[in-house]
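Me: Could you take a close look at one part of this model for me, the metal site, and walk me through how it sits in the fold? I would like to follow it on screen as you go.

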Amino acid sequence: MASKNQTLGEFIIENQSSFKYSSGELSRLINSIRLAAKVVNHEVNKAGLVDIIGAAGDTNIQGENQQKLDVYANEKFIQTLTNRNIVCGIASEEEENFITINSQDENHQNKYIVLIDPLDGSSNIDVNVSVGTIFSVYRRVTPVGTPVQLEDFLQKGSQQVAAGYIVYGTSTMLVYTTGDGVNGFTLNPAIGSYYLSHPNIKFPENGTIYSVNEGNYIHFPQGIKNYIKYCQKEEGNRPYTSRYIGSLVSDFHRNMIKGGIYMYPKSSKSSNGKLRLLYECNPMAFLAEQANGKASDGFTRIMDIEPTELHQRVPFICGSKNMVNKAEEFMFAAK
Ligand code: AHM
Ligand code: MG
């Protein structure tokens with residue numbers, strides 16, 4: 001029975017047997033993420049103190065400026081998952097290709113692959129705004145014991161076994177699902193343990209917050225423009241409140257707790273929006289659905305989209321169910 005003073009470690013052990021394919025492997029995986037997140041958290045917290053912030057000088061494969069902490073977080077998560085020999089493959093938003101683990105060892109039996117956005121929203125670091133790590137776990141589809149293949153990573157979101165995020169905010173939280181609801185754990189930095197602080201989180205069905213980069217309004221599809229006008233209209237519980245941090249994890253987290261909708265639509269500048277299906281949208285969609293919310297590209301359920309490439313982008317609308325339904329109505333009406 002989950003209780004509020006339970007640590008994440010205790011929670012993982014207690015819930016291991018209720019997981020349908022339980023072999024302890026997934027528990028070890030979540031444990032590794034928990035560990036790497038603590039190390040990254042320590043570094044993120046120091047960002048204002050040491051000369052680690054700023055561009056590392058590299059650009060990632062999307063041509064974006066990479067900041068030092070992105071590189072650090074990427075290395076830490078990959079190292080932790082690799083060294084502990086828990087997964088058979090990793091794909092990261094910061095790496096062009098997926099990483100094969102244990103391909104030399106015929107005996108390795110690892111069956112999980114992880115996709116990770118090691119530090120999302122990293123352009124916010126140097127202004128002290130919350131950033132996050134997003135992860136997504138699948139069971140491989142190719143035979144255990146052989147090197148992983150691209151098809152192991154290009155699975156539909158509905159195949160996810162687990163997903164979650166860490167938000168490095170005013171407090172650091174790890175929020176995750178293994179398909180049985182969403183639970184949130186807050187890190188006590190003095191002790192280094194995460195405690196169950198938000199058991200069984202649910203999106204309110206209706207919300208009053210909309211989160212979108214309105215600076216791009218002119219470039220949005222007509223359906224989104226109309227929906228934004230609807231949000232701003234004086235009627236019933238509207239106009240809604242506009243809140244946009246520009247850090248997906250933080251915007252999602254706030255909306256899940258308070259009720260709201262997050263949108264990153266396509267625009268005349270970027271035909272598929274900005275967010276990546278595999279590293280950002282699918283894990284957030286899994287969490288949203290597990291928390292009674294909804295995630296869509298405007299027309300289709302995010303988790304039903306068949307991925308075609310590792311770094312694929314999709315329009316993303318996610319949040320309280322009734323709000324997402326309404327946004328979809330506007331999208332269909334303007335099609
Ligand atoms: P990133 O993966 O390069 O950090 O970009 C993802 C971030 C999201 O966290 C955020 O919601 C979005 O980009 C903000 O983009 P914009 O500045 O275009 O509104
Ligand atoms: Mg990202």
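Reply: Let's begin with Glu280, which is buried because its relative accessible area is 1%, under the 20% cut-off. Glu93 counts as buried too, at 5% relative accessibility. Keep in mind that this is a predicted model.

Both residues belong to the site of the magnesium ion (ligand 2), where Glu93 (OE), Asp117 (OD), Asp120 (OD) and Glu280 (OE) coordinate the metal at 1.9 to 2.6 Å. Along the chain, these donors have the spacing E-x23-D-x2-D-x159-E. Glu93 sits in the loop between strand S3 (89-92) and strand S4 (99-100), while Glu280 is in helix H7 (residues 277-290), so this pair ties together parts that are 187 residues apart in sequence.

S3 and S4 pair in the antiparallel sense over 2 bridges, and Ile90 stands opposite Ile99 in S4. Helix H1 (residues 8-16) packs on the sheet and touches S8, strand S9 (182-188) and S10, with its direction at about 10 degrees to that of S8. Helix H2 (residues 25-45) also packs on the sheet, touching strand S5 (112-120), strand S6 (131-139), S7, S8, S9 and S10. The direction of H2 makes about 15 degrees with that of S7.

To place all these strands, the open sheet has 8 of them in the order S4-S3-S5-S6-S7-S8-S9-S10, with mixed pairing. S4 and strand S10 (193-198) stand at the edges with a single partner strand each, so one side of each is left without a neighbour in the sheet.

Methods: Residues are numbered from 1 along each chain as its sequence is written. Chains are lettered from A and ligands numbered from 1 in the order in which they are written. This is a predicted model: local features need pLDDT of at least 70, side-chain atom pairs count only at pLDDT 80 or more; totals for chains, interfaces and linings use all residues. Side-chain values use heavy atoms; hydrogens and water are left out. Donors are N, O and S atoms within 2.8 Å of the metal (3.2 Å for Na, K and Ca); water is not among the atoms, so sites may look incomplete. Helices (H or I, at least four residues) and strands (E, at least two) are DSSP runs, numbered from the N terminus. Buried means under 20% relative accessible area, exposed over 50%, partly exposed in between (1.4 Å probe, protein chains only). Two strands pair if DSSP finds at least two bridges between them. Contact means heavy atoms within 4.5 Å. Axes are lines fitted to C-alpha atoms, for helices over the stretch in contact, and angles run from 0 to 180 degrees between N-to-C directions.
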